[in-house]
Every structure is written in C-alpha cells, then in structure tokens.
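We will go stop by stop.

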Amino acid sequence: QLFRQEGTSYQQAKRVLHLAVPDRLHAREREMGIIRQFLKDHVCKRRPGSLYISGAPGTGKTACLSRVLLDCKDELAGSKTIVLNCMSLRSPSCVFPSLAQALGLPAATGREGLRSLEKRLTAPGPMVLVVLDELDQLESKGQDVLYTLFEWPRLPGSRLVLVGMANALDLADRSLARLGAHGSPRLLHFPPYTREQLTSILQDRLGQVAGDPVLDAAALQFCARKVSAVSGDARKALDVCRRAVEMVELEVRSQTLLKPLPGGE
C-alpha cells in the first residue's frame, strides 16, 4: 500500500512514530492520574513528600511524567521545577552541585554544599519540585546520596517534593530500607505494555497520517505481539515500525517512476 502513497506519507508516518511526548498516552490513564494527584496534594498544597516511579525501559514513565508536567504547568507555576537526568552526572555526589546551581546557590562541595542546600530547602519560599530520572545512577557505597535526598522532604520546614524514576522495582527496598515505613517514598510501578496496548498505541500514532493506512493492520499486530513477548517496550515497537517505513521509502525512491506523456502518446 505504501507504493500508492505520495512521498509525504512516509515523512508523516516517520514523524508520528518518533519518541516525543504525545498528546495522549494510551493505557496509562491510571498512572497519570496518580502522578497528577500526587503533585496536587504535595506541590499545590505545600506538603513535602516523595514518589518513586519504577518500570522497565519503554513503559512510559518519563513520557507520562512529562505529559503531566505540561498539563499542570499553570498549577505548578508558583513553584520551582528542576528536572535532572542522573545519567549525565559524573558520579552520584555530583547531584548536589547540580541542584545547587539550579537553585541559584554558589558552587560548593562536600558538607558545606550540603548544608547550604538544606538551608535553602527549609527556608521560607516557593515549593521546589525535583524530578530525578535514571535514579539508580545515584546508588553508591552506603547509599548516602539516596538517603540524603529522600530524607530532605522530612526535615522541619522542608519545601521539597521529590520524584525519582528508575527501572528497578526493588530500589526502594534495596537502597532505602533505613528510611523506615514513615520516610519511604510512595511507590508507583509501570508494568510492561501488553500486545493489545501496543497495537492501540501504534494504531493511534499512524491514524494521524492522512490517506490510506501506511502500515497494514496485520503488520501492526505482528509487531505488537513480538515486542510484547520480549519486553513490552513501546519505544521498541515505534522504532520497528519507523524502520519499516524507512526501508520501503528507500525502495520506492530507488525506482524510476514512469508517467504517461501528455496527449496520450
């Protein structure tokens, strides 16, 4: 069916299959509702707290949180939001200078830097929402970095709301056991996508392309079945479909298209 399409259909298909945050996320309404309610209960009502989001790669953790942050932009306007990918840090302890810089504090390391951060986060002012993606990168000997971060919302006068995301389901049990039941973050797990959910995601994306269906329904089912059996990773399913479109596009471009001459010759 792709052979009958105009060239722009390939471009449109590749565009809708990219990995940017979509307007709607299928099969994640419950998880988005929990994140949205958590932010309203803590940031908007000025109650410090922490949330730990776990799930395998491609299960929608970052996309859902990004979508909620965009949707709640007006409600969160009175607070300070800091988003940090821990994969970009040289070492676990580098998270503290990065947070200090985002809060406008002078660069300081060691105990002095920690003290100035604690002082800033417990002084009067707007709520501070810190989002740490790839949180498992902060695991260290003795877990001092993670303990320090998750203890800050419990300090008297704290105005920190902490949201951490990582692949490991047991990170809170394994690395934050010392916090106890009262200090532990709230947990939210993203299960792998099922075959039906992946099919729905692919159909929704490709439904945005005008004209005939770009990829056959049976092909989408096949892709969703294979990916759900291995990982349930939506990014992988989108990537497979995008590569398929690219391959056909290259094949079509390499052919010489013959058109009838004017006057019916």
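Is lysine 40 buried, partly exposed or exposed? Select lysine 40: the residue is partly exposed, with a relative accessible area of 30%. Keep in mind that this model is predicted.

**Stop 1**

Glutamate 75 is partly exposed, at 43% relative accessibility.

**Stop 2: arginine 36 and aspartate 71**

Stay on helix H2 and select arginine 36. Which residue forms a salt bridge with arginine 36? Aspartate 71 does, and the closest N and O atoms are 3.7 Å apart. This pair also links distant parts of the chain, from helix H2 (residues 29-44) to helix H3 (residues 61-71), across 35 residues. Arginine 36 is partly exposed at 26% relative accessibility. Aspartate 71 is partly exposed too, with a relative accessible area of 41%.

**Stop 3: arginine 242 and aspartate 239**

Jump to helix H11, residues 234-253. Select arginine 242 and aspartate 239. Their side chains meet in a salt bridge, 2.7 Å from N to O. How far apart are these two along the helix? They are three residues apart, so about one helical turn separates them. Check the exposure of each partner. Arginine 242 counts as buried at 16% relative accessibility, because the cut-off for buried is under 20%. Aspartate 239 is partly exposed, with a relative accessible area of 32%.

Now go back and select Asp23, Arg36, Arg67 and Asp71 together. Salt bridges that share partners join these four into one network. Across the whole structure, the count comes to 14 salt bridges.

**Stop 4: aspartate 133**

Select aspartate 133, in strand S3 (residues 128-133). Which side chain of opposite charge is nearest to aspartate 133? It is lysine 61, 6.3 Å away. Aspartate 133 is buried yet has no salt bridge, because a salt bridge needs the nitrogen and the oxygen within 4 Å. Look instead at threonine 62. Its side chain makes a polar contact with the side chain of aspartate 133, at 3.0 Å. Show the surroundings next. Beyond its sequence neighbours up to four places away, aspartate 133 touches Thr62, Leu84, Asn85, Cys86 and Met165.

Step one residue on, to glutamate 134. This residue is in the loop between S3 and H6. Glutamate 134 has a positive phi of about 55°, although it is not a glycine. Most residues other than glycine have a negative phi.

**Stop 5**

Select alanine 27, in the loop between helix H1 (7-16) and H2. Here is another positive phi on a residue that is not a glycine, about 65°. Alanine 27 is partly exposed, with a relative accessible area of 25%.

What sits over the ring of tyrosine 193? The charged end of arginine 28 does, 4.2 Å from the ring centre. As for ring against ring, the structure holds one aromatic pair.

**Stop 5: threonine 59**

You will find threonine 59 in the loop between strand S1 (49-55) and H3. Threonine 59 is buried, with a relative accessible area of 0%. Its side chain reaches the backbone oxygen of alanine 56 at 2.6 Å. Which residues does threonine 59 contact, leaving aside neighbours within four places in sequence? They are Arg28, Phe190, Pro191, Pro192, Tyr193 and Gly232. The arginine and tyrosine of the previous stop, Arg28 and Tyr193, are among them.

**Stop 6: proline 153**

Finish at proline 153, in the loop between helix H6 (144-151) and strand S4 (160-166). Is proline 153 buried or exposed? Proline 153 is buried, with a relative accessible area of 9%. Outside its sequence neighbours up to four places away, proline 153 touches Pro48, Gly49, Ser50, Ser158, Leu160 and Leu162. Proline 153 and glycine 183 are 30 residues apart in sequence and 8.7 Å apart in space, C-alpha to C-alpha.

Technical notes. Residues numbered from 1 in each chain as written. Predicted model: local features only at pLDDT ≥ 70, side-chain atom pairs only at ≥ 80, totals over all residues. Heavy atoms only, no water. Helix = DSSP H or I, 4+ residues; strand = E, 2+ residues; numbered from the N terminus. Buried < 20%, exposed > 50% of the residue type's maximum accessible area, 1.4 Å probe, protein only. Lys, Arg positive; Asp, Glu negative; His and termini not counted. Polar contact = N/O pair within 3.5 Å; in protein donor to acceptor, adjacent residues only side chain to side chain. Contact = heavy atoms within 4.5 Å. Phe/Tyr/Trp six-rings, centres within 6.5 Å; stacked < 30°, edge-to-face > 60°. Lys NZ or Arg CZ within 6 Å of the ring centre and 35° of its normal.
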